[in-house]
Amino acid sequence: MTHHRPENAAMIKLTNVSKVYPNQTKGLQQIHLSIDQGEFVAVVGLSGAGKSTLLRAINRLHDITEGDIEIHGASITRAEGRQLRMLRRDIGMIFQGFNLVKRSSVLRNVLAGRVGHHGTLRTILGLFPKQDVDLAFEALARVNLIEKAYARADELSGGQQQRVAIARVLAQEAKIILADEPVASLDPLTTKQVMDDLLHINQELKITTIINLHDIDLARAYATRIIGLRAGEIVFDGPVEEATDERFTEIYGRTLRAESVQEINA
Ligand SMILES: Nc1ncnc2c1ncn2[C@@H]1O[C@H](COP(=O)(O)OP(=O)(O)OP(=O)(O)O)[C@@H](O)[C@H]1O
């Protein structure tokens with residue numbers, strides 16, 4: 001097997017990607033997208049636009065129906081077995097619901113990021129080499145949670161739990177972070193802490209970051225590039241400066257601001 005990875009390859013490249021769900025819903029339609037290493041991209045759009053589908057396609061939690069997705073020059077769409085595992089190891093996921101093992105310690109949750117490097121048995125038995133434990137503490141330091149290492153995950157606040165999930169991705173040594181509505185269930189102050197952590201990690205470690213957000217204000221505050229989806233299609237792709245309320249109202253017939261979403265839901 002070749003591990004040819006051209007130096008100038010995009011970190012993530014989607015070519016004509018479509019996803020049709022078994023019930024015929026079109027999740028994604030002919031997506032062309034190229035994201036470079038170190039970019040901080042926010043994906044926005046109304047509920048059902050295809051934001052989750054896009055992230056899940058990239059790390060192949062979902063198979064796509066058509067097209068090809070490459071991670072630094074290697075097709076994850078066609079990868080199997082060991083190659084697929086290796087590609088997935090480079091991609092860390094962050095979910096709205098944190099996905100921690102609630103009854104385990106923070107440290108063990110972070111060490112779970114090492115599973116792709118060792119195999120499951122070792123992880124279950126908790127046999128981690130000292131380097132892994134060092135790596136886990138280093139990751140916890142980055143999100144300011146060292147003092148919580150031995151606390152049970154469910155003793156932490158929502159924001160702290162999400163930062164544990166971020167530390168887990170750091171311990172994984174992922175090159176890409178895919179975050180699916182990571183702050184949707186958090187209050188404004190906690191939202192800021194989690195988003196600040198993601199931004200610092202992106203800037204300091206140059207980890208390519210794609211984050212689904214339903215709040216355009218948050219997207220504008222943190223991302224450098226914004227991608228707008230509507231009915232599975234890319235309807236906006238540009239720098240933050242161009243992602244104005246006027247432009248989005250033109251595209252969506254309304255703004256994508258959190259307050260207006262709340263007004264509509266109220
Ligand atoms: N497993 C599935 N089976 C069938 N249709 C699905 C499935 N998952 C998602 N869809 C549909 O695909 C479309 C895109 O959904 P997706 O969850 O990607 O949107 P989203 O932008 O992430 O929305 P939200 O902000 O509400 O999470 C929607 O029409 C949705 O109903």
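Which of the 13 residues around the ligand come nearest? Some notes on that and on the fold follow.

1. Tyr21, Ser47, Lys51, Ser52 and Thr53 come nearest, out of 13 residues around the ligand; a residue counts as near when its C-beta atom, placed from the backbone, lies within 6 Å of the molecule. Helix α1 (residues 51–58) gives the largest share of that shell, 3 residues. By type, the shell splits into 2 nonpolar, 10 polar and 1 charged, taking Ala, Val, Leu, Ile, Met, Phe, Trp, Tyr, Cys and Pro as nonpolar, Asp, Glu, Lys and Arg as charged, and the others, Gly among them, as polar.

2. Housekeeping: this is a predicted model, where local features need pLDDT of at least 70, side-chain atom pairs count only at pLDDT 80 or more, and totals for chains, interfaces and linings use all residues. Residues are numbered from 1 along each chain as its sequence is written. Helices (H or I, at least four residues) and strands (E, at least two) are DSSP runs, numbered from the N terminus.

3. Now the sheet: an open one of 6 strands, ordered β6-β7-β8-β3-β9-β10, with mixed pairing; strands pair if DSSP finds at least two bridges between them. β6 (91–95) and β10 (233–239) are at the edges with a single partner strand each, so one side of each has no neighbour in the sheet. On average, neighbouring strands are turned by 15 degrees against each other, direction ignored. Axes here are lines fitted to C-alpha atoms, for helices over the stretch in contact, and angles run from 0 to 180 degrees between N-to-C directions.

4. β3 (residues 40–44) is worth a look. 4 bridges join β3 to β9 (residues 225–230) in parallel, with Val43 opposite Ile227 and Val44 opposite Gly228. β3 also pairs with β8 in the parallel sense, over 4 bridges, and there Ala42 has Ile211 as its bridge partner. Both faces of β3 are covered: Phe40, Ala42 and Val44 are buried on one side, Val41 and Val43 on the other. Buried means 20 or more other C-beta atoms within 10 Å of the residue's own, exposed 12 or fewer, and partly exposed in between, with C-beta atoms placed from the backbone.

5. Helix α8 (residues 188–205) packs on the sheet, touching β3, β7 (176–180) and β8 (208–212), and its direction makes about 155 degrees with that of β8. Contact means C-beta atoms, placed from the backbone, within 7 Å.

6. The largest nonpolar core has 73 residues, of which Ala42, Val110, Val164, Ile166, Ala167 and Leu178 touch the most other members. Helix α7 (residues 158–171) supplies the largest share, 7 residues. Such a core is a set of buried Ala, Val, Leu, Ile, Met, Phe, Trp, Tyr and Cys residues joined through C-beta atoms within 7 Å. Leaving out residues up to four places away in sequence, Ala167 touches Val110, Ala139, Leu140, Arg142, Val143 and Leu145.

7. Phe128 is in the loop between α5 (120–125) and α6 (130–142), yet counts as buried because 22 C-beta neighbours lie inside 10 Å. Residues up to four places away aside, Phe128 touches Leu111, Arg114 and Val133.

8. Gln30 is in strand β2 (residues 26–35) and counts as partly exposed, with 15 C-beta neighbours inside 10 Å. His72 is in the loop between β4 (66–71) and β5 (74–75) and, with 19 such neighbours, counts as partly exposed.

Key. Contact = placed C-beta atoms within 7 Å.
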